[in-house]
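Here is a short report on the annotated sites of this protein. Please look over the sequence and the structure first.

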Amino acid sequence: MKNILLAVTGGIAAYKAIDLTSKLTQAGYDVRVMLTSHAQKFVTALSFQAIGRNPVYTDTFIEENPQEIQHVALGDWADAIIVAPATANTIAKLSTGIADDIVTTTLLATETPKFIVPAMNVHMYENRRTQHNIEVLKEDGYHFIEPGEGFLACGYVAKGRMAEPLDIVSTIDRFATDSEATESTAEAPNHHIESTFAEKRALVTAGPTVEELDPVRYLSNRSSGKMGYLIAEALVERGAQVTLVSGPTHLAVPEGVEIVNTQSAQEMFEAVTERYDDQDIVFKAAAVSDYAPATPLTHKLKKQDGELQVTFTRTPDILKYLGEHKTHQYLVGFAAETQNIDNYAKAKLQRKNADVIIANNVGDRSIGFSSDDNDYTMHFKDQSTAALGKHSKAKLAHLILDKLETRWQ
Ligand code: PMT
């Protein structure tokens with residue numbers, strides 16, 4: 001998903017739409033902007049043109065290309081449309097199908113996903129008519145990015161402020177990731193009804209571990225859990241019964257997944273090994289600490305002069321234990337490396353008796369930990385490899401399962 005059509009309507013928050021255009025462009029989207037005549041009372045077309053480096057559309061009747069109908073072509077071009085700020089007036093027009101300017105005409109003429117970002121006075125927002133119009137649009141499949149509370153231009157401190165540009169970009173990013181995953185599933189040769197994962201029991205580990213030093217300090221790592229959660233979600237889509245053993249993350253648990261929350265490597269070890277016998281396949285995407293403070297303190301460690309020495313002990317190696325106690329399970333390990341990636345990954349495959357190791361370069365900050373993207377190479381037991389390339393983690397979750405579909409049993 002790449003093309004964003006931003007519709008700006010006539011509210012004081014229109015100035016924030018300039019920043020939104022900039023942030024969307026920096027995030028890699030191709031942004032075209034439409035302005036209503038009321039929006040042009042607050043901001044100029046030139047600002048958006050300069051920031052987005054694209055033409056700006058202000059009039060339904062300026063048809064520069066005789067080969068197309070401008071408002072239809074614009075809607076077709078867009079992968080998503082954002083109306084920000086969306087006034088009560090535009091929301092009302094959209095909910096009743098009025099098409100009397102470039103924005104409402106374009107939106108009425110397209111089935112592209114639409115995101116409405118309201119911004120207005122609190123009483124206007126809470127007005128029964130506006131709320132009714134919002135409900136009508138939600139029923140029609142419009143997405144809403146809720147206004148925040150804060151100081152409004154009318155002087156009230158209340159709900160009605162346009163959502164912050166960064167939050168809007170995050171919502172669009174998440175939508176893009178989900179659409180990419182859906183497309184990937186649709187393209188996948190194995191629909192879940194025929195998937196070899198259907199009805200199978202899968203356990204996925206995700207996220208970091210947290211090793212306490214004292215009640216306020218701990219040793220952890222930068223894993224967000226995204227990769228493991230997306231694998232769990234992709235497995236559910238293919239019909240598997242999925243248990244997700246997760247370190248602390250900020251992620252929503254995918255629907256249909258049984259979640260087991262853990263903190264330390266020891267807790268994760270116990271949660272995984274207790275359930276191991278029942279599993280057909282295990283994915284070890286979690287970033288497990290190899291060390292933990294030898295004697296966690298029950299009280300807060302006080303400052304003292306000079307250096308502080310802490311003794312660390314080894315934590316259990318969960319993947320190695322699973323490899324040693326394998327009966328029928330297929331074992332998918334990961335390798336987070338910063339150098340000699342392929343060699344270290346192959347060594348881990350042997351040492352931990354895994355069936356496949358999925359290696360990534362966590363030294364590259366644009367992928368790996370916390371990022372939405374990664375670049376994996378799968379190393380199989382028969383010494384074959386599969387380089388998956390750089391993609392969103394949502395797509396990689398499906399590419400990994402695609403590669404395993406025919407091999408894992
Ligand atoms: O969570 P994200 O932000 O989406 O990032 C994804 C990721 C970078 C965490 C993921 O791609 C990844 O590489 N996960 C494995 C991280 C890791 O701990 O790698 P490792 O090379 O240190 O360990 C190798 C394997 O042994 C891993 O499967 C790990 O889960 C497992 N292990 C490691 C140590 C330990 N004590 N017990 C283990 O089971």
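Under "binding site", the unreviewed UniProt entry lists D290, K300, P316, D317, I318, L319, F334, K348 and K352. They span 63 residues in sequence, and the farthest two C-alpha atoms lie 37.5 Å apart, so they do not all gather at one spot. The lining of the largest pocket takes in D290, P316, D317, I318, L319, F334, K348 and K352 from this set. UniProt positions follow the numbering used here, feature names are shortened, and annotations may be inferred rather than shown by experiment.

This is a predicted model: local features need pLDDT of at least 70, side-chain atom pairs count only at pLDDT 80 or more, and totals for chains, interfaces and linings use all residues. Residues are numbered from 1 along each chain as its sequence is written, and side-chain values use heavy atoms, with hydrogens and water left out.

A pocket is an open set of points on a 1 Å grid over the protein atoms alone, where a 1.4 Å probe fits, with protein on both sides within 12 Å along at least five of seven lines; lining residues have an atom within 4 Å of a point.

D290 lies in the loop between β14 (281–284) and β15 (291–293). Strands are DSSP runs (E, at least two residues), numbered from the N terminus. D290 is partly exposed, at 44% relative accessible area. Partly exposed means between buried (under 20%) and exposed (over 50%), using a 1.4 Å probe and protein chains only.

Conventions: Helix = DSSP H or I, 4+ residues; strand = E, 2+ residues; numbered from the N terminus.
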